Amino acid sequence: MAENTQEIGFEKEIWGAADELRGSMDASEYKHVVLGLIFLKYISDKFEDKYQELLEEGEGFEEDRDFYDAEGIFYVPEEARWSEISKHAHEPDNGIIIDNAMRAIERENEQLKDILPKTFGSRDINSEKLGAVIDIFSNKSMSEHGDKKDILGRTYEYCLGQFAEQEGKKAGEFYTPACIVRTIVEILQPTHGRVYDPCCGSGGMFVQSSKFVEAHSGNLTDISVYGQESNPTTWKMAKMNLAIRQIEADLGEHPDDTFLNDLHPTLKADYIMANPPFNLKKWGQEQLTDDKRWKYGIPPKGNANYAWMQHMIHHLSRNGKIGLVLANGSLSSTTSGEGKIRQAIIEDDMVDAIITLPTQLFYTTGIPVSLWFLNKNKKQKGKTLFIDARELGTMVTRKLRELTDEDIKIMADTYNKYVEGTLEDEKGFCKVATMDDIKEQDYILTPGRYVGFKPEEDDGIPFEEKMKTLTTELDELFEESHRLEEEIKENLIKIGFYK
């Protein structure tokens, strides 16, 4: 199953305590409190591990900044160390102590300036409940759940998912379901080079990329991470999320609008992965009509889907690949020039694969979506893989579906066979189409047009026998219908509403 439904003990314990801490706070506010605590605990643990190592060496270097900087460890001043936070956990001013710790860390680490939350002393936060959360972090049994770096990273990710569920539509600004991100990563396989997300949210694409590299015995130093995010609070979350995973990333010096102020104008990325806002209306087209990014045509001012796509294509390296999530309307829309833009991208042989996903994967929207995979140097020239994955996934709640590990493997294996040239078309699921096939469909990329319908299984019952059974059942239903009709009439007559 996808990660956020696993039985993961410590993460759930933290979430339960965080829910108690919430009180009257809005979900969008208290997530920064919880995530901020996770981050504080993480950097303090990393510092104190190195501190003890230097202390045992006995050379007196335990307070020397250079020894921490050399290993990418944030320097944590004495008053901000978790041992001090824990010591004052049950004092009435514990929130103020944490706020001061955050300020002290920012003063000592320029890259964290104005990033960390400093609202723990707010009257909205109950000091007793805050103390209880601090105790959970301080409990030595935490080590039983695994490596401290890993468990805190997983806790950060788990809580992001829980907050996304609670915040509903607002969550789209910072969270893409992990199973969707993992599908993109498993297909693109980013093992080396430059990875870019122009609307990076809380950094989920980068986290899953790093997991992929580690799972395949790679080295994180082989990938360089670049991103941009316009929402200031989401940008801060991303900075903390990546730091807790020890992922060095260039997210720009500040949050900013990707279209109006591209913070990586000269970047040519090897892998671009993104979940841009669906069907974004006001994106600044009027100020960008002459922009060099619109190689295939000026995107309409009322929908940014093809602006995002062309922005990403503009930033691709010579052999670069893209995996992005878009609303299904982008597959077939012909309004405001979108059809012409899509045709030009197809004719440039950029479209490598299209996957339609099942519904109910997002906390934020019911809009059906697809994954687009674009490639500047396709192995299968002049061909495009179509996958209809709408029947995959498992309902994990009444409203939410997730793609399982097996589902993701099915899609990734199908893509890999296509690339190798060994894939056989499967009616109702996958089809390798030629450029002529797509032209015949007026350059519409809806997978259902290509894969067709899954053939019904033969149950071995002769047609005549089936029809005899069905007509018998139909007669019985007609009889029941007539009986109910008479019963309803009688009841209406009794109360004077039918003659």
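Start by selecting Arg318, which sits in strand β5 (residues 316–327). Keep in mind as you go that this is a predicted model. Arg318 counts as exposed, because its relative accessibility is 71% and the cut-off for exposed is over 50%.

Next, head for the largest nonpolar core, which has 107 residues. Good ones to pick are Ile38, Ile98, Phe137, Ile355, Leu357 and Leu385, the members that touch the most others. Colour helix α2 (residues 27–57) as well; with 13 residues, this helix gives the most to the core. Then centre on Leu357: beyond its neighbours within four places in sequence, its contacts include Ile180, Val369, Leu371, Leu403 and Met411, along with Ser370 and Arg390. Apart from this core lies another, of 38 residues, with Tyr296, Ala304, Met309 and Trp372 among them.

Finish with the aromatic rings, which form 15 pairs in the structure. Select Phe259 and Trp308: their ring centres are 4.4 Å apart and their planes meet at 45°, so this pair is tilted. Phe259 is in the loop between β3 (249–250) and β4 (269–274), while Trp308 belongs to helix α11 (residues 305–314), so the pair ties together parts 49 residues apart in sequence. Both residues, Phe259 and Trp308, are buried. For a last stop, show Phe47, Tyr51, Tyr68 and Tyr75, a cluster linked by ring pairs.

How values were computed. Residues numbered from 1 in each chain as written. Predicted model: local features only at pLDDT ≥ 70, side-chain atom pairs only at ≥ 80, totals over all residues. Heavy atoms only, no water. Helix = DSSP H or I, 4+ residues; strand = E, 2+ residues; numbered from the N terminus. Buried < 20%, exposed > 50% of the residue type's maximum accessible area, 1.4 Å probe, protein only. Core = buried A, V, L, I, M, F, W, Y, C linked by side-chain atoms within 4.5 Å. Contact = heavy atoms within 4.5 Å. Phe/Tyr/Trp six-rings, centres within 6.5 Å; stacked < 30°, edge-to-face > 60°.
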